[in-house]
Amino acid sequence: MRIIVFGANGLLGRALISTWQGDQVTGLTRADADIRNLEQVQNSFHRFKPEWAVLAAAYTDVDGCETNPELAFAVNSQGAANVASAARDHNARLLFVSTDYVFDGLKTSPYLASDARAPRSIYGKSKAQGEIKISEILPHCCIVRTSWLFGLGGRCFPDTILRLASTRPEVAVVTDQRGCPTYNHDLASSIAQLCRAEASGVIHATNAGECTWFDFASEIINISGLKTNIRPTNSDEFKRPAERPRYSVLSPASLHAYGINLPSWQDALRRYIAARSPL
Ligand SMILES: NC(=O)c1ccc[n+]([C@@H]2O[C@H](COP(=O)([O-])OP(=O)(O)OC[C@H]3O[C@@H](n4cnc5c(N)ncnc54)[C@H](OP(=O)(O)O)[C@@H]3O)[C@@H](O)[C@H]2O)c1
């Protein structure tokens, strides 16, 4: 199978390129094709003639989106629509990577793939609009929502905690946001399986289990054998420009329907820390 991956330099894109075996996978960076530019996107499909396009390119600076909404919608919504149009024109399938931030976080039980979108932040709104646009253009597209991505190949929460912990005796982390950490390699392997299974519709893909950012940070310190104190705090003390969902646990039912079961986030975190270069 021929695959093109938009966003090949990103945290997920790098994992897709390094882990995907058995297919002909071509990674495209922003320099190869800016997804805001329909002609560049069309040229990529024309040149590589993929059976599947995986759209992992996005403007992911959640707080930056609040101050630059035009860019957020241009990339995450119109850019996604451009890729969907080109996929339709070239008879290719599309897998769009989306986010738990399409939900408002008011639920107290895991979000189902069928739950209504209710984004609060500009980032969430731009990704939700991207989902809607691509579904209109390509009704059989596949939308894979994930959350709290971490891994080698880019900035991520465990990396930040380990860097802070190496220079500070204490790090404050919020206890009032709950979600599912997801290892980029595990997500990349699920995405490859979903493409091979000709998946369509909305699918939630995260590592198994759930935690708060405080729990996540505590486990990072625990596994690393560090002595740094993780101090509980809350979102009111830790104001940020974009509102984050208080609860964004994604139900794995839609992923299990394809026979894919991801390991626990603690297992994934241990593998990430083992693979990470020493500080
Ligand atoms: N990170 C998370 O915690 C998280 C959680 C849930 C969902 N997601 C979703 O997962 C996907 C992958 O996220 P990620 O963490 O891998 O993001 P990332 O590390 O920020 O990578 C995104 C990539 O998209 C590229 N890009 C940005 N604008 C572009 C444009 N106009 N044209 C082409 N490429 C462009 C970036 O290129 P440059 O490097 O040149 O800017 C970057 O390499 C995204 O769809 C994101 O919404 C992420």
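Helices, taken as H or I runs of at least four residues, and strands, taken as E runs of at least two, are DSSP runs numbered from the N terminus. In these terms N91 is found in the loop between α4 and β4, and the description that follows concerns a predicted model.

**Surroundings of the ligand**

The ligand is surrounded by 26 residues, of which the closest are G10, L11, A57, A58 and L149. Two or more residues of this shell come from each of α1 (11–19), α4 (69–89) and β4 (93–99), and α1 gives the most, with 3 residues. Divided by class, the shell around the ligand holds 12 nonpolar, 10 polar and 4 charged residues.

Helix α1 also has a buried part, made up of L11, L12, G13, R14, A15 and L16. These buried residues of α1 pack against the strands β1 (2–6), β2 (24–28), β3 (52–55), β4 and β6 (149–150), and against the helix α7 (184–196).

**Two helix pairs**

Two packed helices are described by the angle between their axes and the distance between the axes. Helix α6 (residues 157–165) packs with helix α8 (residues 213–224) at an angle of about 60°, the axes being 10 Å apart. Because angles from 65 to 115 degrees would count as roughly perpendicular and those under 35 degrees as roughly parallel, this angle makes α6 oblique to α8. The crossing of the two helices is right-handed. On the side of α6 the contact is made by F157, P158, I161, L162 and A165, and on the side of α8 by F216, A217, I220, I221 and S224. By class, the residues of the contact of α6 with α8 are 9 nonpolar, 1 polar and no charged.

In the pair formed by α2 (38–48) and α4, the axes come within 9 Å and cross at roughly 40°. The crossing of α2 past α4 is right-handed. Here α2 contributes L38, V41, Q42 and F45 to the contact, while α4 contributes N82, V83, S85, A86, A87 and D89. The contact of α2 with α4 has 6 nonpolar, 3 polar and 1 charged residues.

**Residues in loops**

K49 has its place in the loop between α2 and β3. The C-alpha atoms of K49 and N91 are separated by 9.0 Å, although the two residues are 42 residues apart along the chain.

Most residues other than glycine have a negative phi. N91, which is not a glycine, has a positive phi of about 60°. E198, also not a glycine, has a positive phi of about 55° and lies in the loop between α7 and β10 (201–204).

Leaving aside residues up to four places away in sequence, S121 touches V62, C65, E66, Y101, A242 and E243. The C-alpha atoms of S121 and A192, 71 residues apart along the chain, are separated by 29 Å.

Key
Residues numbered from 1 in each chain as written. Predicted model: local features only at pLDDT ≥ 70, side-chain atom pairs only at ≥ 80, totals over all residues. Near = placed C-beta within 6 Å. Nonpolar A, V, L, I, M, F, W, Y, C, P; charged D, E, K, R; others polar. Axes fitted to C-alpha atoms, helices over the stretch in contact; angles between N-to-C directions. Parallel < 35°, antiparallel > 145°, perpendicular 65-115°, else oblique. Left-handed = near helix turned anticlockwise from the far one by under 90°. Contact = placed C-beta atoms within 7 Å. Buried ≥ 20, exposed ≤ 12 C-beta atoms within 10 Å, placed from the backbone.
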